[in-house]
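Subject: Structure for you, with notes

Hello,

I am handing over the structure we talked about. Please look through it before you read on.

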Amino acid sequence: MNSLNFINPFGVSEDPGSYVGDFYTDNFAKGAGEGTLILNLGPQHPSTHGVLRVIVELEGEYVVRAEPVLGYLHRMHEKMAEVKTPWQYIPNMGRVDYLHPIAWNWAQVGACERLAGIEVPERAEYLRVVSCELNRISSHLMWWGAFVMDLGGVTPILYAFEEREKINDILQIVTGSRLTMSYFRFGGVSADVDDRFVRLTKEFVPYLRERLKMYKALVTDNVILRRRLEGVGPMDADLCRRHGATGPILRAAGLKRDTRTDAPYGVYHKFQYNVPTGPSDDCLGRYMLRLAEIEASLDIVEQAMGSLPPGPVRIDKAPKAGWKLPAGETYFAVEGARGQVGVHLVSDGGKNHYRVKLRAPGFSNLSLFAEAARGVLLADAIAILGSLDLVIPEVDR
Amino acid sequence: MDLSIANFAQIIIACLLVIALMVGNAVVMVYVERKACGFIQRRPGPYEVGPRGILQAVCDSMKLLGKQIYVPGNIDWILYFLAPVLAFFPVLLLYLPIPFGRHLTAMNVDEGILLILAFSGLGVVSNILAGWASNNKYGILGAARAVSQAVAYEIPMIMALLAIVFLTGSLSLTEIVERQGSWPWQWNIVVQPLAFFIYLVSLVGETNRAPFDLPEAESELTAGFHTEYSGMGFALFFLSEYANMLLVSFVCAAFFLGGYKGPFMDGFWWMFIKAYAVMVFIVWIRWTFPRVRFDQLLNINWRWLLPLSILNLWVTAVIVRFI
């Protein structure tokens, strides 16, 4: 318990109960070597973006080991599914991942549709793609700003928010909300787009392409940023595979794995788009990859808006409130901004779900952190944590 | 310098004026920094309190005054309360040799810059004490960073200033300003651009401002050495940070930018204009760049600034001696 003496360096008599840590700290501290310091990052730490808690053992500025502690934002979304009907469960999804709610929305609605064998009108499929991709862009923008803020640059997040506000304005027209959106319904989407939506979206695509050039000049080409990220926190394909990492982290490691192309859903097969991989498996690679993904998403949005087919946005006999899922089991996965978002649904034919398992990409991605942060500087550990793009409600569910 | 009654009174009055300047500077800089930051981030900045938000600093200071002083458990009481005071008061002394005009100096000592350099070292003591006494791990990490950073960046800073001292042959700031002319091409920045650059980088490092704000790196150490200070304790650190910024800007203006001399009409206003231009520059880079990592910070210093400043000093010495 050498580390605990450190916090009482003056030898002042202390209440023995007042400084002993909780279960995690005590169990963590046992392995601490000579001259190391146990530091709790979080749950209220500015760079953990919410209530993630990371216990790190520091030797000077170097992280000897780091261990995330979860559960501060556990809201029992899976348990809630067992007492809710599929209809009542739709808004829960926006709360799971507040940055990319529409992907979760899609995963849940898609799982129910797959189980019930519901076909969705083509126009609705197009609108699903457009809204999901716009939402992915806004999620990546938010990540971009927050990540640079972790590195100490406070200004870019406000630039990112400017674009994010525009996306929120667009999505608000159809979803009615700006944060925990739920746009999808069983058998289609809740509302058709109007002229304003079409106009704003078409304006937004070239606008953001211009702005991405400014981002490059302001942040990406900055020598301080490059030096901070190059070679920091390499996560190779093997590490990703062992921990089940998906999404940009896996693609930055060089593997072309994207649910949109590997297990196609919706109408993604109708569009020509690039699934970027690489350029490197360090923090800079993940940074560049996410910016490249924004451009790929812009391509999809542009094509989808250009070829929006006419027709209804929901099937005629869409399920009503008292709808019962047929008995069975299914799994439906979509590509979220952070990786594969999956809903494993079991129904016994009753009013409520029998059991729902939410596959959150952030949970798997976070498990890489302990290994990647071993032996790096504290500032690098913060950069690695930021490059994982964690959304804590999604990690804890 | 003889210590007569008149001299003593002069110093007392000067100290009072300096306190007024420090507080006034903080009030101005709170507004300037928030407005500049707002401009850079494309938002209005403060605009609710008073016309165009100019009373924002008053509200900020009232908030700090009214805040509960939260004292963490198991601290070293004496050092904990001594540290903010130690951060604030030595800065007073540093303003005394600053020349605002040919005869407008609180204490026209021949060794002015020596006094400033000697006493500016006290600032880091307060950082160590604050980090150590507040019984906080973030505080200790911040204090450790503050020490190595301050020690590292003081050396190239002194070297850069020494190059000017070699040129002038005097340690007195008034003398150094007097040797420069009124027009920009007669200033020391023209003959010593490298020293100016080195000084500019190390003054950001000395004042713990972004991108070198490692001792209080927000995303890593929450608030570094002043994590556990609230209310007036924090306010004193805040005041001393701005006071230190203004001081290094004054020194910069006196050494490199012609001090109180300027086109058309010499006077203390030139000193203020130049110093605040440097301050705005510091604010500007703070809100533009991300933070460097700690090993990079030290590498910049030991690998680049120090050899460059030694080289500059050596070349200057050779030129002064033989030409």
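Below is what was found, going from the overall build to single elements and then to the contact between chains. Please keep in mind that this is a predicted model.

**Overall build of chain A**

Chain A has 17 helices and eight strands. A compact globule of 397 residues would have a radius of gyration near 21 Å, and chain A, at 22 Å, agrees with that. Along the principal axes, the C-alpha atoms of chain A fill a box of roughly 75 × 50 × 35 Å. Of the 397 residues in chain A, 50% are buried. If one takes the contacts in chain A between residues at least 6 apart in sequence, 70% of them join residues at least 24 apart.

**Two domains**

The domain assignment divides chain A into domain 1, residues 2-69, and domain 2, residues 77-396. Their C-alpha centres lie 34 Å apart. Between them, 14 residues of domain 1 of chain A are in contact with 17 residues of domain 2 of chain A. On the domain 1 side, β2 and β3 of chain A are the elements that give two or more residues.

**The β1-β2-β3 sheet**

β2 and β3 of chain A also belong to an open sheet of three strands, with the order β1-β2-β3 and antiparallel pairing. β1 and β3 (62-69) of chain A are the edge strands, each pairing on one side only. Direction ignored, neighbouring strands of this sheet are turned by 20° against each other on average. Seven bridges pair strand β2 (residues 53-59) of chain A with β3(A) in the antiparallel sense. In this pairing, A:Arg53 stands opposite A:Val69 in β3(A).

**The β6-β7-β8 sheet**

Chain A has another open sheet of three strands, in the order β6-β7-β8, and here too the pairing is antiparallel. Its edge strands are β6 and β8 (355-359) of chain A, each of which pairs on one side only. From one strand to the next the twist averages 10°. Helix α5 (residues 101-116) of chain A packs on this sheet and touches β6 and β7 of chain A. The direction of α5 makes about 145° with that of β6(A).

Strand β6 (residues 328-335) and strand β7 (residues 340-347) of chain A run antiparallel and are joined by eight bridges. A:Gly328 stands opposite A:Ser347 in β7(A), and the bridge partner of A:Phe332 is A:Val343. The hairpin of β6(A) and β7(A) has four residues between the strands, and A:Gly339 takes a positive phi near 140° in it.

**A glycine in helix α13**

A:Gly285 lies in helix α13 (residues 283-306) of chain A. Is A:Gly285 buried or exposed? A:Gly285 has 26 other C-beta atoms within 10 Å, so it is buried; the cut-off for buried is 20 or more. Not counting residues up to four places away in sequence, A:Gly285 touches A:Ala252, A:Gly278, A:Pro279 and A:Ser280. A:Gly285 and A:Gly231 are 54 residues apart in sequence, and their C-alpha atoms are 8.9 Å apart in space.

α16(A) is mostly covered, with 10 of its 10 residues buried. Among them are A:Leu378, A:Asp380, A:Ile384 and A:Ser387. After α16(A) comes A:Asp389, with a positive phi near 55°.

Which elements give two or more residues to the side of chain A that touches chain B? 32 residues of chain A are in contact with 26 residues of chain B. The elements in question are β1 (37-41), α6 (122-150), α7 (156-175), α9 (223-229) and α16 (378-387) of chain A. By class, this side of chain A has 17 nonpolar, eight polar and seven charged residues.

Regards

Definitions and conventions: Residues numbered from 1 in each chain as written. Chains lettered and ligands numbered in written order. Predicted model: local features only at pLDDT ≥ 70, side-chain atom pairs only at ≥ 80, totals over all residues. Contact = placed C-beta atoms within 7 Å. Nonpolar A, V, L, I, M, F, W, Y, C, P; charged D, E, K, R; others polar. Pairing = 2+ DSSP bridges. Axes fitted to C-alpha atoms, helices over the stretch in contact; angles between N-to-C directions. Rg over C-alpha atoms; globule rule 2.2 N^0.38 Å. Buried ≥ 20, exposed ≤ 12 C-beta atoms within 10 Å, placed from the backbone. Domains from an automatic or database assignment.
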